[in-house]
Structures are given as structure tokens and as C-alpha cells.
Amino acid sequence: MSRPTHILRHEHRVIEQGLRALDGMCLTLKTGGSVPAEALAQMLDFIQNFADRFHHAKEENWFLPALKESGVLEEGGALAFLKKEHEMERHLLAELELATEEYRYGDSAAADNFVNAAVQFRDHLIGHMQQEEAMLFNLAEEMLDEPVKASLIQSFAQENARAGDGVTKRYEQLAEELERKWAV
């Protein structure tokens, strides 16, 4: 049987593909090249919808509450820390969205603003995913019993269904395409 942590790790790998593409876009901009506004819009769509609304929804709506139910402390503990991390990512994502819009409309400092926002977002998200995998996923494997793990898998499937047919596959393909085109 698949594990909830395996599903979340897989999604992290997909997000990392997108982040490698984001790195390539930033390198192109830093070296004086241009990136089509449409490519930046695709990247933003991937981050907003797959990483935040899709992946983080599974963590916040199902995974973290299951850990809390199993006795992991929320206040002052790992769960509170990770929720704050998600809030910080949303703040950085808003900055990235603004920088993407500035770039689309040709603001003279837009490329630099985009690179700065993208690097901050990427660094934060990579560190966050590493912490989740090192801390939380291992804790979940030890603390959650098999019925809870099975329930989480079912809840994740419901989250996938709510997102719509083919959403997971579409974003996996988008991450792969962006990585193939932009990663260095």
C-alpha cells in the first residue's frame, strides 16, 4: 500500500522540477536574456495551483490534523512552525505574483524584482520541504497507525477529485515541460 508520506514526497519532487525551471528562468534574466511573459505566467500558475492550493491543501486539511490527533503538539511545536512556513510562502508568493505582473507590463526593474522574489521564494520552499521530509514525514511514519494512513490516502484521493480530472497529471506534465525548457 502506498503511504501518505510517499504521495507528499512525490509532490515535492514535482515541485522541485518547477523550481529547477524557475532557477533557469532567473539565470536567463540575470544574464541579460529575456523570458516570455507566458512562461512566467505558467510558472506562477504551477506554483499557485499545484504547490500551494493543491499540495499545501493536503497537508493543511488532512496531514497536519492527523498528526495533531496522534499527539503531535500544535502550539509551539512542529505543526505551528510548519503552518507559519506556509504563511511565509504565501507572502513570498504574493511578491512573486507582483513581480511577474511588473515583468509582463515592462517595468524597467521588473527582471531584477522577479529574480529577487523568485530566489527568496525558492530558497524558502526548498528549506521548508527538506524540513517536512526530515521531521514531519518521519514522525508521521512512526506515529500514525495503518487505519489513519489509509484514511489519509483516501482523503488525498478526494482532494485530487475535488481539484478535477487530470489536474495532477496536467501539473506534472507542466513541471516536466518547464524543467526541460528552462532548467540548466
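Select helix 2 to start: helix 2 gives four residues to the lining of the largest cavity, the largest share. Helices here are DSSP runs (H or I, at least four residues; strands are E, at least two), numbered from the N terminus. This is a predicted model, in which local features need pLDDT of at least 70, side-chain atom pairs count only at pLDDT 80 or more, and totals for chains, interfaces and linings use all residues. Residues are numbered from 1 along each chain as its sequence is written, and side-chain values use heavy atoms, with hydrogens and water left out.

Next, select Ile47, Ala51, Asp52, His56, Glu89, Arg90, Leu93, Phe121 and Leu125, which line the largest cavity. Helix 2 (37-69), helix 3 (78-104) and helix 4 (110-143) each give two or more residues to this lining. A cavity is a set of points on a 1 Å grid over the protein atoms alone where a 1.4 Å probe fits but cannot get out, and lining residues have an atom within 4 Å of a point. The volume of the largest cavity is about 40 Å³, taken as the space filled by probe spheres set on the points, which are joined across faces, edges and corners.

Now zoom out to the whole protein chain. Six helices and zero strands make up its secondary structure. The radius of gyration, taken over C-alpha atoms, is 17 Å, close to the 16 Å that the globule rule (2.2 Å times the number of residues to the power 0.38) gives for 184 residues, so the chain is as compact as a globular protein of that length.

Notes:
1 Å grid on protein atoms, 1.4 Å probe; cavity = no way out; pocket = protein on both sides within 12 Å on 5 of 7 lines; lining within 4 Å.
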